[in-house]
Amino acid sequence: MIEVSLLGPPRVERAGTLVGFDTRKAMALLAHLAMADRPRPRDALVDLLWPDSDVERARGALRRTLSTLRAAIGPELLETTRDHVRLVKSAGLTVDVDRFRALLADDDLAAAVNVFRGDFLEGFGLRDAPDFEDWSRNQADELRRELTAALARLAADEEQGGHLPAALDHARRWVSLDPLHEPAHREVIRLYARTGDRAAAILQYRQCLRTLSRELGVSPLPETTELYEAINAGAFVGPPSTATSASAPEEPETARTPFVGRDQDLRALRALYDAIDHDGRLVVVEGEAGVGKTRLVEEVLLDLRKNGAAVLAGRAYEDEATLAYAPLLDALRARLHEDSRWIADVPAQALAEASRLLPQLTETRSRVDAQSPGAETRFLAGAWDTLAGAVAGTVPGVIHIDNAQWLDEASLVLLRYGVRRLAGRRLLIVLTWRTPADRPPGSLIAAAARGVASVRRLDRLGVDAIEELLAAAHPELDRELSRRLYAETEGVPLLVVEYLDALKTGSDENWPVPSGVNDLLRARIDTVGETGRQVLTAAAVLGRSFDVDTVRTVSGRSDEETVAALEELVRRGLIHEGPLEYDFVHDQLRRLVSADTGLARRRLLHARAARAVRGPDAAIARHLELAGQDQEAARVYAGAAEQARQVYANAEALEHFHAALALGHEQPSALHASIGDLETLAGDYTAAMRSYELAAAEAAPSDLPGIEHRLGRLCHRRGEWALAEAHFRAALDVLPPDQPAAFAGVTADLSLTRQEAGDAAGATDLAEQALAYARESGDQRALGQAHNMLGMLATTSGRFDEAFRHLEAGRDLAEQIGDLPGRVAALNNLALAHRARGDLEPALELATTGLALCTEQGDRHREAALHNNLADLHHALGHPDESMRHLKSAVTIFAEVGASHDTDQDPHPELWKLVRW
């Protein structure tokens with residue numbers, strides 16, 4: 001008999017003897033399989049338990065761990081196939097979680113709570129497997145809620161049977177499990193009072209008061225305070241009662257406001273959709289805040305869904321403008337929840353690329369080579385194919401992004417990529433865009449082919465539309481009120497709707513309605529019960545759409561209280577419910593609730609949100625920052641920057657690095673250097689120089705050689721040979737003698753600088769020194785760089801056989817170790833060597849491959865140089881159109897590179913002369 005105990009510290013017994021495992025991963029794997037209701041894919045287990053290992057190593061670790069499990073529990077209890085693993089539940093295996101839930105199902109509550117000896121996997125964790133930690137935490141939360149519900153029922157049953165001490169024991173255990181659950185405190189207070197222990201009841205109230213104040217920043221609800229006051233005054237005469245949610249009484253749900261005044265806009269959008277035959281289209285719905293952009297698109301989408309159209313709908317948020325791809329990922333999650341059958345029609349390679357952003361798209365862990373030529377292009381193509389595939393069907397699908405003016409740069413890049421490729425895609429892209437905005441939608445519209453993109457601008461409502469709306473919403477009111485409404489609102493639909501809502505409480509000639517949108521919204525919020533307000537405040541602090549579990553955790557209310565509060569908020573028209581999450585009806589309401597919350601409470605709730613949110617590091621870092629936890633926020637922002645770089649979101653990475661710096665990250669020099677690297681790639685050399693100098697000013701002595709090396713390379717790019725040499729020699733002066741690989745890299749770059757300065761003999765000597773250092777170190781990257789330098793020098797001297805030997809060796813080494821910049825340099829220099837020997841076709845092929853890699857790397861200066869080299873090759877081959885296309889690209893990029901982004905300073909003329917490196 002195998003007994004698996006997961007409630008409390010995990011343990012496994014075989015025939016009464018404790019079973020030990022030589023690895024914690026074996027216990028984690030057993031726990032996960034024990035809780036699974038179906039066979040688990042091997043790749044999913046690999047991702048869960050070995051997320052940072054490469055695929056083959058992780059699969060090997062899984063095989064070894066399964067072997068350990070078989071030996072511990074017996075091979076008959078573990079069913080394995082090539083793709084799946086399952087724990088066989090039989091008479092020879094018991095799991096305490098299964099027994100607990102079976103007893104609950106049989107309504108044997110007393111036995112069930114006795115089985116529950118502690119939290120799920122109490123004290124057990126895997127620091128290197130964050131997804132397992134999240135899974136374990138979610139399982140523990142769910143089981144704890146099941147236990148508290150059972151204890152609440154037991155307390156009520158025992159009280160009803162007259163067994164007050166037993167009822168009190170169950171209620172006290174309930175409070176110990178969930179000390180933030182106010183109804184549990186209230187039951188303990190009341191039961192103490194019923195047993196005649198007035199002092200204990202008062203102490204329990206004070207404990208409740210202290211806990212709620214410290215953890216949630218709120219006071220007890222009125223019914224708790226009233227109970228305390230009655231007990232304190234000796235007036236308590238309470239009959240048995242069960243804990244109930246403290247939400248306001250149910251009221252009829254707020255009716256959806258009639259949609260009027262937009263018939264022409266509705267017809268225009270529908271006509272754009274109906275015109276889609278073979279190629280897709282883009283439409284941007286523009287307008288000021290509150291003019292009705294979202295409602296217009298919602299009405300169109302409602303109609304299209306009825307006709308079978310698949311819709312991918314996401315929303316951008318102002319506070320998340322630096323979260324890479326966030327709106328598109330939200331949209332994909334909602335689509336997966338709605339219907340996942342479309343995944344079968346998306347190419348496997350596309351899903352593999354898109355699953356780098358959303359792992360649940362595929363259960364198969366595929367190897368994605370992020371360093372091979374065109375990796376970024378493949379990533380964009382895969383992500384776009386997945387988005388388009390999510391809405392493919394017999395009729396054109398729709399991709400809708402609301403509040404697109406707040407899209408992050410990475411999402412804009414992906415959308416621009418897709419807009420250029422609408423040919424053959426039967427879909428409509430709809431973006432709502434608030435004006436005025438810091439960033440107009442021109443770049444997206446310009447990316448589309450002629451006639452594919454259009455803009456629909458919404459104006460305010462006229463008097464006639466408001467009169468129609470008033471007649472539809474309030475036929476009992478005088479039509480003359482429509483002119484007063486127009487005068488008060490100036491035709492802004494958001495204000496019109498809020499005034500109409502306020503008029504529901506009654507109106508007369510004195511116009512008893514608050515003035516201004518904030519006063520109107522506050523009047524609506526004031527009708528919400530205390531628990532509802534607490535949940536609404538927690539939702540506002542989250543700053544985006546939210547699910548029940550997250551807002552429950554942040555607000556500190558119970559499951560029942562949270563659900564009741566959300567139902568009340570939906571009824572009152574303050575939030576609306578989506579397929580997966582809830583959201584505020586408009587952003588102004590969210591901002592108002594947040595602004596009306598005191599700083600101390602906001603900080604407390606942001607701290608809770610940082611622990612509750614299961615999102616990207618950037619979202620967690622933002623909550624930590626707003627909670628005043630600067631050091632932790634800085635650390636997480638730095639991690640978010642690295643995450644962004646992995647998916648080519650360099651603009652977002654820069655934002656996160658700057659945020660980490662501003663919050664006092666403990667390694668400012670390293671962050672300044674990373675910022676300088678990104679600014680160098682973007683061609684913002686003035687900013688990069690400033691960042692590297694700041695890095696040098698903050699650096700420890702051991703880090704100075706690397707920073708001096710970076711400064712030298714930057715000066716070399718700018719054509720400042722003397723300054724470059726000074727920095728390279730400064731790096732060599734402070735390098736420890738036991739770092740030959742570093743000596744090789746700096747010496748090779750110094751060699752190139754001497755060559756550009758006209759000292760061919762000195763350059764050759766330095767290149768030979770670099771090769772010797774590289775061979776001494778055994779460092780493949782340094783060796784490749786030295787070969788590359790010697791190859792360039794040999795090409796210049798016309799020694800082509802020697803040049804090809806060195807350059808091909810450098811290219812091969814760079815490919816072996818995944819050195820993307822090294823591959824780009826070697827390919828470019830090989831192309832130049834072939835061109836110098838008159839071999840134009842192989843030169844063209846090599847330069848084209850180098851350009852694809854360089855574009856992925858994001859190095860704008862070298863991208864321009866490769867375009868320039870390709871223009872020369874196409875010209876020599878008699879391809880005038882291709883030559884002109886590359887030349888225009890080169891000129892455009894060269895004009896951007898090196899000039900200060902903060903001034904009108906012209907770029908250095910030497911920048912335009914870059915050919916090799």
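Q: What makes two residues count as being in contact here?
A: Contact means that heavy atoms lie within 4.5 Å of each other. The model is a predicted one, and by this rule Ile2 is in contact with Val12, Glu13, Arg14, Ala72, Ile73, Leu77, Gly92, Leu93 and Thr94, once its neighbours within four places in sequence are left aside.

Q: Why is Ile2 called buried?
A: Ile2, which is placed in strand β1 (residues 2–5), has a relative accessibility of 4%; buried means under 20%, so Ile2 counts as buried.

Q: How far apart are Ile2 and Lys25 in sequence and in space?
A: Ile2 and Lys25 are 23 residues apart in sequence, and from C-alpha to C-alpha they are 19 Å apart in space.

Q: What makes Asp385 and Arg425 a salt bridge?
A: Their side chains meet at 2.3 Å, N to O, and the rule asks for a side-chain nitrogen of Lys or Arg within 4 Å of a carboxyl oxygen of Asp or Glu, so the pair qualifies. The pair links distant parts of the chain, 40 residues apart, with Asp385 in helix α15 (residues 375–390) and Arg425 in the loop between α16 (409–419) and β11 (427–434).

Q: Why are Asp385 and Arg425 called partly exposed?
A: Asp385 has a relative accessibility of 25% and Arg425 has a relative accessible area of 24%; partly exposed is the range between under 20% (buried) and over 50% (exposed), so Asp385 falls in the partly exposed class, and so does Arg425.

Q: How do you know that Glu498 and Arg524 form a salt bridge, and what parts does the pair tie together?
A: The side chains of Glu498 and Arg524 meet at 2.7 Å, N to O, and the cut-off is within 4 Å. Because Glu498 lies in helix α20 (residues 493–503) and Arg524 in helix α21 (residues 517–525), the pair ties together parts that are 26 residues apart in sequence. Both Glu498 and Arg524 are buried.

Q: How many salt bridges does this rule give?
A: The count comes to 71 salt bridges.

Q: Which residues touch the most other members of the largest nonpolar core?
A: Within this core of 102 residues, Trp384, Leu431, Phe546, Ile575 and Phe584 touch the most other members. Helix α15 gives the most to this core, with eight residues. Membership asks for buried residues of the nonpolar kinds, joined through side-chain atoms within 4.5 Å. Apart from this core lies another, of 73 residues, among them Met27, Ala31, Leu49 and Val97.

Q: Why is Asp749 called buried, and what makes its meeting with His709 a polar contact?
A: Asp749, placed in helix α34 (residues 740–756), has a relative accessible area of 13%, and buried means under 20%, so the label applies to Asp749. The side chains of Asp749 and His709 make a polar contact at 2.6 Å, where the distance limit is within 3.5 Å.

Q: Why is Val891 called partly exposed?
A: Val891 lies in helix α41 (residues 880–896) and has a relative accessible area of 40%; exposed needs over 50% and buried under 20%, so Val891 is partly exposed. Together with Met884 and Leu887, Val891 makes a nonpolar surface patch of about 230 Å².

Definitions and conventions
Residues are numbered from 1 along each chain as its sequence is written. This is a predicted model: local features need pLDDT of at least 70, side-chain atom pairs count only at pLDDT 80 or more; totals for chains, interfaces and linings use all residues. Side-chain values use heavy atoms; hydrogens and water are left out. Patches are made of residues with over 30% relative accessible area and no salt bridge: like charges are joined within 9 Å, nonpolar side chains (Val, Leu, Ile, Met, Phe, Trp, Tyr) within 5 Å. Accessible areas come from the Shrake-Rupley method with a 1.4 Å probe; for residues, only the protein chains shown count as cover. Helices (H or I, at least four residues) and strands (E, at least two) are DSSP runs, numbered from the N terminus. Buried means under 20% relative accessible area, exposed over 50%, partly exposed in between (1.4 Å probe, protein chains only). A polar contact is a pair of N or O atoms within 3.5 Å; within protein, one must be able to donate a hydrogen and the other to accept it, and residues adjacent in sequence count only if both atoms are side-chain atoms.
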